[in-house]
Amino acid sequence: MSTRAADGPPAAARDGHPPAPAAPHRDHLARWRWLRHEWTAAAVGALLLAVVLTWPTMRHPASTVPGDLGDPTLQAWQVAWSGHALLSHPFDLWHSNTFYPERYTFAYSDTLLGYAPLGALGSGFEAALVRYNVLYVLVHALAFVGAYALVRQLGAGRWGGAVAGVAWAYAPWRLAHAGHLNILSSGGIALSLAMLARGHGWSLRHGYRPERRRPGWALGGWIVAAWQVSLGFGIGLPLVYFLLAVVLVAAGSYGWSWWRRRERLPFGRRLLLADLAGGLVFGAVTLLLGLVYLRVVDLNPQAVRSLDWTEMFSPPLIGFVTAPADSWLWGEPHAAAREQLSWPPEMALLPGMALIGMAMAGLFVSVYPVRQRVALGLGVLVTVLLGLGATLGGDGDPGYLTLSRHLPGWDALRTPGRMMHWTSLLLAVLAAGLVTTFAEPARRAPTGRWTRVLAPAALLVPLALVAVEGVNRTPHPVVPRPPAAMRVAEEPVLLLPIGGTNDLHYMLWTTDGFPRVANGLAGFEPVSLAQTRVAATSFPDPASVAYLRGIGIRSVVALPDRAAGTPWEGIAARPVDGLGITREERDGVLVYHL
């Protein structure tokens, strides 16, 4: 007999009255309880903090971009193109409207393909800029949430999670990459690891707890990891190899434990199926994207770069304690140190002085077991050694260069300093263990007047320290708008002058309708563009007109105000008589109809 049956009906019912309904205000409070939930607070706090610490990004989102007028304009076009292709012609996704008449041109750089759903919102030049700036803010918020979720799953408290989230999402070294959305988009790394750990019932603090397994979280973790890889192999490939290593180590440990104890550890069929399904999705996304990039290399052998690039971008040890110029706190004090770096944007790798100090203390005082702290410390050491690249040992380097020679795809990761993603994440985990050590006794202390005031005030100190180190002084230049002449040019179009950031601006301008253009800029130059650039040097003349007509170009748009110091300086004075073409001028821009 159930307890309820044995106890009988409520007293009111025994007296002949129905039980009193629950108070309406209690139902109302229960309905809105999610507003006070930890994860609601974390998400809202992450968004607000992102707007503040990336300011003034959202001041003029339709006309400016953070960083410079180079890569941000390229990436704004990339997101716009993927959304446009998703809606209009998904099977032609990889064959973008740039680098005409080449194929697979969308894969000439990291594609940010995972942002395609956002790219489908809105259309045109201003929408592309607004979308980019919103994404710039959101990637910082996601990085915070990812690190927060990871350290909470690993056993740290809320204060530790907040410190880790801010320290990782706003580490000073990230400010050097204000113009590299693909590098800043790393939140999926931490979030996928958090979800996988939760799905498998594992944490640093408590180890493996089979009763906490959640197959759905494991499946979600694999999907988030696949999404992270879809944003680009630049930071996605190390995640691929890390997860592969984790799977092999976990399988080996499981088999070893089974062999020693002669019994299987609890795992569960549902969790195994979730891992198999999620791993299949993750592997398929990685493989399919890899095949596209291999096709690009097959068509463009010059896209393969030697390890000389890796050696050139390998930072010295001082780079790990040097902040980029965009750091409000450390930019000027570290100016002398940056002069020792041959390429500061990729070598100023300071994860944060406060973070380094807290992580070092976290090796000795932490809620994590000693063995786990040692493992985290070794992880920091290994990632720093890998981040040194060729600086570690020259041609005989046992680290990054060795991986480049033996791991498929690693040779394309020519910037070893980007291993700082992993270094700073491990430092954040160590710091969170330290902060939690002090936060938990404060939370359990008797609730007196001074305790309620002093404890949170003391815990705000480490949070404030990492936040101050993340304050930026990133420039936000105004992006040149597309000229009205673009609207009267029949595609395919060639824009002059060719080369440099001009081509990046042209790519962004094409977001108004996506006309096909011969221009484009990537990590390598396709043969056809090199030939076009040479042939168009003397445009307009009989040879250049014949060549352009031969490859299908219908219009040439020349911008004299950009031509100073180029072969097209003074193009407005070149005659078109007898060439069989017409020319018109729109607001100082020349349009040649071939």
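## A histidine in a loop

Where does His 476 lie? His 476 sits in the loop between helix H21 (449–469) and strand S3; helices (H or I, at least four residues) and strands (E, at least two) are DSSP runs, numbered from the N terminus. Keep in mind that this is a predicted model, where local features need pLDDT of at least 70, side-chain atom pairs count only at pLDDT 80 or more, and totals for chains, interfaces and linings use all residues. Residues are numbered from 1 along each chain as its sequence is written, and side-chain values use heavy atoms, with hydrogens and water left out.

Is His 476 buried or exposed? It's buried, with a relative accessible area of 17%; buried means under 20%, exposed over 50%, and partly exposed in between (1.4 Å probe, protein chains only). Its side chain makes a polar contact of 2.9 Å with the side chain of Thr 57, and also reaches the backbone oxygen of Thr 474 at 2.9 Å. A polar contact here is a pair of N or O atoms within 3.5 Å; within protein, one must be able to donate a hydrogen and the other to accept it, and residues adjacent in sequence count only if both atoms are side-chain atoms. Leaving aside neighbours within four places in sequence, the contacts of His 476 (heavy atoms within 4.5 Å) include Thr 54, Pro 56, Val 65 and Pro 66.

## The sheet

S3 pairs with S4 (residues 555–558) in the parallel sense over four bridges, and Leu 494 stands opposite Val 556. Strands count as paired if DSSP finds at least two bridges between them.

The whole open sheet has four strands in the order S3-S4-S6-S5, with mixed pairing. S3 and S5 (582–586) are the edge strands, each pairing on one side only. S5 runs antiparallel to S6 (residues 589–593), joined by five bridges, and Glu 585 has Leu 590 as its bridge partner.

Of its 30 residues, 22 are buried, so H7 is largely enclosed by the rest of the structure. Just after H7, Gly 155 takes a positive phi of about 120°.
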